[in-house]
Amino acid sequence: MLVRERSSLSPSRPGLEELRFDRAELAGAVADLGVMVPIAVALIVQNGLSATAVLLPAALLYIGAGLVYRVPVPVQPLKAFGAIAIAQGLGSSEMGAIFVALSASGYLDRVAKIFPQPIIRGVQLSVGLLFCQLAFKLVTAPPAAFADHAQPVGWLVGGTIGVAAVALLLRRYNASLFLFFIAVVMMTVGFRGPLALGPSPLHLPDLSLQAFGTAALVLVLPQLPLTFANSCLATADAARTYFGERAARVRPGRLALSLGLANLLAGAISGMPICHGAGGMTAHRSFGARSGGAPIAMGVAMLAVAVLIGNSLTTALAAFPLPILAGLLAVAGLLHIALLKDLRQPSHWMFAIAVGATGFISNLVIALTGALIIWWLAKAFGVLGEKPR
């Protein structure tokens with residue numbers, strides 16, 4: 001079992017930890033930008049979303065998560081689902097409504113109990129591998145939306161290796177904050193075009209019962225198991241592993257409610273579908289975040305950027321250096337994979353690797369379904385021995 005930290009923070013009342021905003025907390029806050037920035041840029045540049053609409057729901061969810069959970073619960077884009085939903089003009093509100101309804105039912109926390117830890121570790125392995133894959137693709141096939149796409153691949157790969165080494169070896173010294181400062185300087189120097197202050201325009205979607213039904217059937221229901229597994233189950237498990245009793249407020253049902261409410265807002269302004277994510281929690285925590293101060297700081301910064309320079313954000317984000325994004329993302333992926341080290345029994349390792357590899361190579365829903373059936377059949381016949389925690 002991973003060693004759980006004992007916080008030096010003194011809660012003002014049970015379950016409500018003190019918020020920190022020191023240098024370590026800020027370093028942890030920016031550590032998950034490797035996931036947020038590439039997808040946000042793609043949706044803004046390629047799909048024509050308003051930059052303010054992309055950042056605003058994420059900013060508010062970050063602030064809300066910090067205030068409610070009091071540990072660094074992350075906010076991330078719903079990756080491939082986001083691109084498909086925006087391209088078809090639907091998805092976020094429907095996803096939000098379903099998760100709010102499921103959370104209100106009170107059944108999600110009960111459903112979470114059927115997922116044993118080895119299978120959840122498999123989900124986390126799959127996410128870690130996907131992070132590493134995304135980092136690799138960012139520098140070997142750079143998106144045209146980024147200014148760095150014209151740079152030689154060898155330079156981008158070499159820069160990524162250097163950034164990853166610095167981030168990994170010096171993460172206890174707030175290396176991510178230093179790397180972020182370099183990125184801001186490079187974005188400022190590389191900014192091209194007039195600076196237009198103020199938020200970018202928001203667009204209300206065309207809502208109808210038919211569109212809601214189409215989105216629910218085509219997009220939301222296929223995505224539902226994946227979002228629940230990573231955003232709710234795996235995130236709650238990572239929170240307990242890293243923070244112990246301090247993470248008592250981080251429960252699958254509560255995470256479903258917060259991401260559901262945020263997606264209702266995202267859908268209302270044609271924004272980016274968002275979720276929580278276990279990999280993001282690993283990134284925040286590994287680089288110094290220990291309280292809800294990290295998500296609050298990130299949320300306030302994103303809110304200020306969305307409102308003050310939303311009109312110029314597309315050009316600014318395109319100048320974000322890819323080696324820094326890819327390097328931070330790769331380190332977060334590797335550290336997330338390291339969650340598996342608390343597994344003890346060979347059979348538990350087998351389940352985790354099978355789920356993670358199948359989810360990474362093929363389909364996580366298939367991996368989860370098959371693993372759950374095999375696990376509980378094996379338990380019924382007494383093959384696996386004592387059930388882990």
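Start at the largest cavity: select Ala29, Asp32, Leu33, Met36, Tyr62, Met298 and Met302, which line it. Two elements each give two or more residues to this lining, α2 (33–45) and α13 (293–308). The model is predicted. The cavity has a volume of about 30 Å³, and the structure holds 1 cavity of 30 Å³ or more.

Next, select aspartate 32. Where is aspartate 32 found? Look in the loop between α1 (23–29) and α2. Aspartate 32 has a relative accessible area of 4%, so it counts as buried, the cut-off being under 20%. Now show its side chain together with that of glutamine 76: the two make a polar contact at 3.1 Å. Leaving out residues up to four places away in sequence, aspartate 32 touches Tyr62, Pro74, Val75, Gln76, Gly280, Ala283 and His284.

Move on to the aromatic pairs. A search of the whole structure finds 3. Select phenylalanine 115 and phenylalanine 228: their ring centres are 6.3 Å apart and their planes stand at 70°, so this pair is edge-to-face. Phenylalanine 115 sits in the loop between α6 (108–112) and α7 (117–140), and phenylalanine 228 in helix α10 (residues 209–243), so the pair ties together parts 113 residues apart in sequence. Both phenylalanine 115 and phenylalanine 228 are buried.

Last stop: tyrosine 242 and phenylalanine 243. Their ring centres are 6.3 Å apart with planes at 75°, so this pair is edge-to-face. Tyrosine 242 is buried, with a relative accessible area of 5%. Phenylalanine 243 is buried at 1% relative accessibility.

Note on methods: Residues numbered from 1 in each chain as written. Predicted model: local features only at pLDDT ≥ 70, side-chain atom pairs only at ≥ 80, totals over all residues. Heavy atoms only, no water. 1 Å grid on protein atoms, 1.4 Å probe; cavity = no way out; pocket = protein on both sides within 12 Å on 5 of 7 lines; lining within 4 Å. Points joined across faces, edges and corners; volume = space filled by probe spheres on them. Helix = DSSP H or I, 4+ residues; strand = E, 2+ residues; numbered from the N terminus. Buried < 20%, exposed > 50% of the residue type's maximum accessible area, 1.4 Å probe, protein only. Polar contact = N/O pair within 3.5 Å; in protein donor to acceptor, adjacent residues only side chain to side chain. Contact = heavy atoms within 4.5 Å. Phe/Tyr/Trp six-rings, centres within 6.5 Å; stacked < 30°, edge-to-face > 60°.
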